[in-house]
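Please keep the viewer open as you read.

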Amino acid sequence: MDPPPQFPLPPQNPTPNPNVFLDPTSDSIPNLLQSPNHYLSFSVPKKRRRGRSQRNPASFRLPLTLPTDAPPSSRTPASDEIIVINKEPKTDALIALTAGFPADSLTEEEIDAGVLPVIGGIEQVNYTLIRNHIIAKWRENVSNWVSKKTFLDYIPQHYHALLDSAYNYLVSHGYINFGVASPIKEKIPAEASKPAVIVIGAGLAGLAAARQLTRFGFKVTVLEGRKRAGGRVYTKRMEGGSRVCAAADLGGSVLTGTLGNPLGIVARQLGELLHKVRDKCPLYCVDGRPVDPDMDVKVESAFNRLLDKATRLRQLMGEVSVDVSLGAALETFRQVYKDAVSDEEMNLFNWHLANLEYANAGLLSNLSLAFWDQDDPYDMGGDHCFLPGGNGKLVQALAENVPILYERTVHTIRYSGDGVQVIAGSQVFEGDMALCTVPLGVLKKGSIKFIPELPQRKLDGIKRLGFGLLNKVAMLFPHVFWEMDLDTFGHLSDDPSRRGEFFLFYSYATVAGGPLLIALVAGEAAHKFESMPPTDAVTWVLQILKGIYEPKGVNVPEPIQTVCTRWGSDPFCFGSYSNVAVGASGDDYDILAESVGDGRLFFAGEATTRRYPATMHGAFLSGLREAANMAHHANIRTLNMKVDKTPSNAHSCASLLADLFREPDIEFGSFSVIFAQKNTDPKSPAILRVTFSEPRKKCPEVGKQDQQHSNKLLFQQLQSHFNQHQQLHVYTLLSRQQVLDLREVRGGDEMRLNYLCEKLGVKLVGRKGLGMNADSVIDSIKAERGNRKPISTSLALKPGVSSKLKVGIMKRKLIRRAKVVRKSNGPINVGSATKVSEEVKITDQVLPDVPVSGNNQNDLSNP
């Protein structure tokens with residue numbers, strides 16, 4: 001669910017038209033470009049003023065050190081010149097700023113992505129100019145797909161590397177070319193070419209991620225526990241007799257800021273005009289009388305002063321403020337203020353506290369004094385708006401053609417380095433990766449079992465962050481009886497514990513398609529409301545409305561239909577939206593966003609974004625963010641496999657090595673060796689291969705004494721793991737003399753293995769772990785053997801060749817995973833085992849599914 005709106009300072013000459021419809025995401029902001037000294041100055045609405053207009057909004061002044069235009073004749077060499085793309089680079093910079101980018105520097109995400117080889121300098125200046133321009137260019141027409149070719153004509157060729165970097169980053173991370181416009185949907189491939197991914201939850205985060213991942217070529221499956229998409233964004237159609245109907249947003253309702261808001265962009269792609277939530281918000285006393293305007297201004301000023309004092313207090317307290325609540329600080333100052341005001345002023349003061357609890361979906365006694373407003377600097381500018389017809393339009397458009405399986409309540413998620421399993425009921429869904437977008441309330445409740453358990457760091461973050469509650473009463477009336485020139489009005493309570501009960505009303509008559517009013521319930525009252533009978537709730541709301549309008553001679557009719565929300569008891573969310581509770585900080589949002597399982601399990605949702613928590617656009621952006629992260633991890637795995645499988649000349653490295661080992665120069669037990677015959681120097685290099693295969697009969701040279709050796713059991717377990725059709729080869733580089741010494745070791749293969757690891761201190765590795773030194777040895781051996789007659793794989797092998805080799809030559813098998821068994825008989829994946837060295841040092845971290853080519857034996861290498 002969305003938090004309440006924030007409003008910038010109204011213009012000097014507001015339009016008299018009561019119904020103001022705006023083109024969403026219109027980036028025409030010339031008034032913001034007139035400030036001198038290259039500063040960008042604009043209002044930043046604060047959480048303290050979410051329910052009504054802000055009389056004195058705070059403002060930002062950001063330094064903008066952008067280059068001025070240079071005449072063509074003064075151009076310097078390419079490495080030192082500043083590119084000139086737009087004569088108004090400040091315009092591009094401001095639009096980029098609304099998209100979350102610094103006007104003239106890099107974000108941490110860009111630095112992590114490696115968009116530039118070196119940070120700083122003229123190259124960074126040019127990169128940011130190109131990046132800002134690409135964003136601005138797409139914003140001119142968000143219904144088109146902006147291609148890289150668009151910029152090739154006027155960006156010089158020696159800047160094309162920067163263009164590639166900026167463009168690829170913006171597209172892959174969902175800053176441009178996202179949404180539901182036809183040219184963008186046309187980019188979705190007909191067939192998936194990448195691994196399967198599972199998205200848990202079809203809210204805005206899940207839908208955003210699913211669409212991006214589908215466009216990236218992944219095979220996507222979305223599992224949703226409800227019978228509908230949207231999650232905490234839910235537009236219900238209410239209707240009665242005489243064709244009266246309306247669309248009621250029972251969850252997220254207000255687009256909080258349209259400058260850069262991605263949902264405003266989606267609305268624009270759908271051709272929708274947004275309705276600006278107007279600033280007028282009259283307040284009414286307990287008995288229904290309008291609040292005196294002078295008293296309203298006085299109390300509001302006092303309220304803001306207390307918040308300012310709380311801000312100064314946390315600065316003086318330093319780290320101690322982390323463990324203090326905002327409510328405790330305000331109450332401390334309020335004690336001084338309380339004796340000097342009337343009851344009516346206190347009621348009005350409590351209304352502002354209720355509005356603050358609405359903004360944070362949390363009790364003031366639970367909010368962190370230190371960090372309750374940590375996201376204020378990132379609030380998106382622009383008006384706060386309703387979408388006529390409800391936000392369900394956005395959900396419907398985003399869910400179009402997305403493969404969603406409804407009524408699939410996920411209760412278990414298994415993850416490992418090999419992939420994920422997601423269990424919903426009796427169904428098991430498997431994939432390469434999974435994205436969990438369930439609300440923080442579900443994570444707090446422990447409704448989903450993670451195997452293995454989530455890292456303690458993430459569990460602590462889940463526990464620390466707050467998850468609050470906001471409820472609504474939606475009422476469809478036969479006709480409009482309230483003023484049509486306002487979108488909000490408030491009501492005071494004389495009971496501090498009920499200050500949030502129906503304290504604010506939203507009029508949807510101009511956007512819902514019918515006479516619809518929605519009353520909000522925040523703070524402590526929202527929790528009590530969960531158990532309040534709906535009839536009692538509606539009766540109390542009607543009493544409030546009658547107290548306001550009947551003294552004006554206006555009859556308040558009975559509603560045709562009413563709906564009361566119960567978000568706190570909803571098993572798919574257990575609340576409304578997140579907040580920074582006592583003991584928490586913005587860092588916890590980052591912790592919740594961290595992936596686990598070596599890039600297999602990811603997390604998205606409004607509680608995973610420290611910049612835009614508790615907002616619809618924050619959830620949407622987090623989905624785009626994680627789609628980029630998932631694609632990045634998938635690409636890394638693919639590149640690793642490609643590197644491992646890259647052939648060398650006509651043969652892969654593994655194939656060549658296997659060819660050479662068909663005729664080992666020395667063989668004893670499970671050990672075989674190749675070296676250059678012409679080089680008789682004892683220090684000359686040799687390649688040793690150890691073969692782990694099926695259980696073998698005890699060698700004659702194995703005596704009773706080696707049964708006591710600690711390596712014997714491990715070696716036998718390694719051997720027994722593979723049957724007669726499967727073999728594992730590991731290698732090491734030795735000197736010729738070391739090979740001869742190893743051959744003389746008595747006690748069998750177990751003692752030789754111990755001699756290698758303990759005496760010589762070598763590591764056994766896969767083919768790719770041998771390194772470049774081994775490549776030169778292999779090349780020299782290959783050159784020396786070049787004139788030898790090759791062995792035909794169709795002929796019987798000479799008697800000296802091990803029967804293990806016959807198995808490898810005559811059978812093609814697929815090794816899925818090599819495992820080492822601990823003495824406790826628990827399996828260890830060779831790829832992830834870092835402690836195997838205490839028994840036997842085996843490295844070379846991964847063993848993907850690789851078919852063995854020709855008559856090669858299965859090898860730990862990844863050709």
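## Backbone exceptions

Phe574 is partly exposed, at 23% relative accessibility; buried means under 20% relative accessible area, exposed over 50%, and partly exposed in between, with a 1.4 Å probe and protein chains only. Its phi is positive, about 55°, although Phe574 is not a glycine. Phe574 sits in the loop between β23 (561-564) and β24 (578-579); helices (H or I, at least four residues) and strands (E, at least two) are DSSP runs numbered from the N terminus.

Asn401 also has a positive phi, near 65°. Asn401 is exposed, with a relative accessible area of 72%, and belongs to the loop between α12 (392-399) and β12 (404-405). A cis peptide bond, with omega about -5°, links Ile451 and Pro452.

## About the model

This is a predicted model: local features need pLDDT of at least 70, side-chain atom pairs count only at pLDDT 80 or more, and totals for chains, interfaces and linings use all residues. Residues are numbered from 1 along each chain as its sequence is written, and side-chain values use heavy atoms, leaving out hydrogens and water.
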